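Here are my notes on this model, point by point. Please read them with the structure open.

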Amino acid sequence: MRTTAAARDEHAVMTWKWRRHPRCVALARAQLRKALARWDLAGIAEPAVLVASELVTNAVVHAGAPGREVATRFVRQDGGVRIEVHDASDVWPVPRVPGDDGGFGLHLVEEFTASWGVEEREIGKTVWAVVVDPAAATSDAPSDEGDASCGNG
């Protein structure tokens, strides 16, 4: 794991790179919890961590590109956080019909986020989701735009 933190608005952007290994999912969740606590957003930790867990798990399991890492980028937004997962696969996630073999993940992402989507990158894609605190939400929707670049190492 390599760690960098942009010093914008008291570290409002936190980025990490992870090996594509299942144990890195738990490490990504822990880093998100720390970021949310630092940003006084612990109130949205449970839904945000659930969403991050699903997105990172999808990248680790399905975005197989030998030698490529998965990157997470957490961006503090007004009353919430934008969670980004960058991987080297060109295959976009598609919600499945939930059943005995799974398929619940992206439905959970949709349920616990204000918005989510996928963006192309030079290599691969970025899957992003915005989790907001309903108590802090204003009439304006949080921005889901931003610099989605995150280089792979």
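At what angle do α1 and α2 pack, and how far apart are their axes?

1. The model is predicted, and the points below should be read that way. The angle between α1 and α2 is about 150°, and their axes are 9 Å apart. The crossing of α1 past α2 is right-handed.

2. Next, the residues in that contact. From α1 come Val25, Ala28, Arg29, Leu32, Arg33 and Leu36. They meet Ala45, Glu46, Ala48, Val49, Ala52, Ser53, Val56, Thr57 and Val60 of α2. By class, the contact of α1 with α2 has 10 nonpolar, 2 polar and 3 charged residues.

3. Two of the residues in this contact, Arg33 and Glu46, also form a salt bridge through their side chains, at 3.0 Å from N to O. Arg33 sits in helix α1 (residues 23–38) and Glu46 in helix α2, so the pair ties together parts that are 13 residues apart in sequence. The whole structure has 5 salt bridges.

4. α2 also packs against α3. Helix α2 covers residues 45–62 and helix α3 residues 105–112. Their angle is about 145°, with the axes 9 Å apart. Here the crossing of α2 past α3 is left-handed.

5. Which residues bring α2 and α3 together? On α2 they are Pro47, Leu50, Val51, Glu54, Leu55 and Asn58. On α3 they are Gly105, Leu106, Leu108, Val109 and Phe112. The contact of α2 with α3 divides into 8 nonpolar, 2 polar and 1 charged residues.

6. Now the largest pocket. It holds about 380 Å³ of space. The lining has 21 residues, and the closest to the pocket centre are Asn58, His62, Pro93, Val94 and Leu106. Asn58 and Leu106 also belong to the contact of α2 with α3.

7. Which element gives the most to that lining? α2 does, with 5 residues. At least two residues each come from α2, β4 (80–87), α3 and β6 (125–132). By class, the lining of the largest pocket has 12 nonpolar, 5 polar and 4 charged residues.

8. In short, α2 is the element to follow. α2 packs with α1, packs with α3, and gives the most to the lining of the largest pocket.

Terms used. Residues are numbered from 1 along each chain as its sequence is written. This is a predicted model: local features need pLDDT of at least 70, side-chain atom pairs count only at pLDDT 80 or more; totals for chains, interfaces and linings use all residues. Side-chain values use heavy atoms; hydrogens and water are left out. Axes are lines fitted to C-alpha atoms, for helices over the stretch in contact, and angles run from 0 to 180 degrees between N-to-C directions. Helices (H or I, at least four residues) and strands (E, at least two) are DSSP runs, numbered from the N terminus. A crossing is left-handed if the near helix is turned anticlockwise from the far one by less than a right angle, and right-handed if clockwise. Contact means heavy atoms within 4.5 Å. Ala, Val, Leu, Ile, Met, Phe, Trp, Tyr, Cys and Pro count as nonpolar, Asp, Glu, Lys and Arg as charged, and the others, Gly among them, as polar. On a 1 Å grid over the protein atoms alone, a cavity is a set of points where a 1.4 Å probe fits but cannot get out, and a pocket is an open set with protein on both sides within 12 Å along at least five of seven lines; lining residues have an atom within 4 Å of a point. Grid points are joined across faces, edges and corners, and a volume is the space filled by probe spheres set on the points. A salt bridge is a side-chain nitrogen of Lys or Arg within 4 Å of a carboxyl oxygen of Asp or Glu.
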